[in-house]
Every structure is written in structure tokens, then in C-alpha cells.
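Hi,

Here is the structure I said I would pass on. Have a look first, and my notes follow below.

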Amino acid sequence: MKKVGKIIGKTIWYLFEIVLILYVIAATSLLLCTNEFGFTQFGKTTVVVVDEDTIDQLSSYKENDVLLIKNEKFDDLNVGDKIYYYDTLNNQYIVREGTIMSKDGNNESALYFLEETGNAISDQRLIGVHEKTYAGLGTAYTIIKSPVGFLLLVILPIFLLFIYQVYRIIILIKDSEEE
């Protein structure tokens, strides 16, 4: 019976290690997959957190919502579509939303004219269209991406896991020497 308990304990521990390693890979990817505007981007999907700086520009969402915005080509966007684009505010890039009033160009180079402001947005500043919203996950996302959060929630757990593995190796070596 004691042996079954050890096997179950080891299995649970190994599953915990696997989950921790997958979590660390995901959290590290959030930091490493940053585009030139400072936002996380996986392939054609950009991750945007609605915070106090962008709540006025993204008024149809609540603070701490996480938005997934999918990049679209010129041919896939139509007049009347709601788009998201990069803009600057206080020397920082932010995300704004707007509705296409008209468009000019092709898949290589395009301008989108917005109903709200009449301003033209180049395709280099265009992010795309809304794909999905995760309500309330912005705080967790922001903490994981912060330097202190990364240290406490990624580096420290992996370091402790490493120390534990070294401890287990030392115990195995001592046990093999005793036999």
C-alpha cells in the first residue's frame, strides 16, 4: 500500500512539473513575441489589454478585458467594418478603434479613412478586427508581463524546481553509495 502511495505521489509531482514547465513556456512567449509597437503578437493575432490608458479609446470594453485582434488584408476589410489600429498618446503606442468610411489601395499598401475622425490610417498602423474577448484577465496578463511578476511567477518556480531536482539527484547518489 505504501508503494502505491509513492507511485501516485510521484505521478502527481511529475504532472505538476509538466504543467509548470508549460506555464513557463507560455509566460515567456508573452514577453518574447512582442511586435514593434510593444504589444504581444502571435502570428496574425495581437493581444491588447484594456487598461486606464486605453479605456477611453476602447469604450465598448471594460477595463482589464483582454482582446484578441486578428490581422486582416485589404481585400478582407469592407466599408463599415470596425477596425483596431495603433496610435500614439503621450509618446506611447495605444490601440484605438474606428469604423472604415472608405479605403484606398491594395494588399501591398492601403489607407483606411475613419468615420469617427475622418483621419486616414495606413496599413502599417492597422491591427485588424476583433476576434475574441477574455473579460477580466487583463490584471493577470499585466502581472505576468511585468518584470517583478515574471521573476516571482516564472523564474522563482523554475529555480525551486531546479533546486529540488538537484536535491533528488544528491539523494539518489547517496542511496546508491550506501548499497
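How many bridges join E3 to strand E8 (residues 126-134)? There are 5, and the two strands run antiparallel. One caution before the rest: this is a predicted model, with local features needing pLDDT of at least 70 and side-chain atom pairs counting only at pLDDT 80 or more, while totals for chains, interfaces and linings use all residues. Residues are numbered from 1 along each chain as its sequence is written, and side-chain values use heavy atoms, leaving out hydrogens and water.

On the sheet: helices (H or I, at least four residues) and strands (E, at least two) are DSSP runs numbered from the N terminus, and two strands pair if DSSP finds at least two bridges between them. The sheet is open, has 8 strands in the order E1-E2-E3-E8-E4-E5-E6-E7, and pairs antiparallel. E1 (40-42) and E7 (120-122) are the edge strands with a single partner each, so one side of each has no neighbour in the sheet.

E3 is worth a look. Its partner E2 pairs with E3 antiparallel over 5 bridges, with Ile69 of E3 as the bridge partner of Thr46. Towards E8, Val66 stands opposite Tyr134. Of the 5 residues of E3, 4 are buried (under 20% relative accessible area; over 50% is exposed, in between is partly exposed; 1.4 Å probe, protein chains only), so E3 is largely enclosed by the rest of the structure.

Now the packing. A nonpolar core here is a set of buried Ala, Val, Leu, Ile, Met, Phe, Trp, Tyr and Cys residues joined through side-chain atoms within 4.5 Å. The largest has 13 residues, of which Val47, Val66, Tyr141 and Val154 touch the most other members. H1 (2-32), E2 (45-49), E3 (66-70), H2 (138-145) and H3 (147-178) each supply at least two residues of this core, and H1 gives the most, with 4. Leaving out residues up to four places away in sequence, Tyr141 touches (heavy atoms within 4.5 Å) Leu30, Thr40, Val47, Val49 and Val66. A second, separate core of 12 residues includes Phe39, Val50, Ile69 and Tyr86.

Cheers
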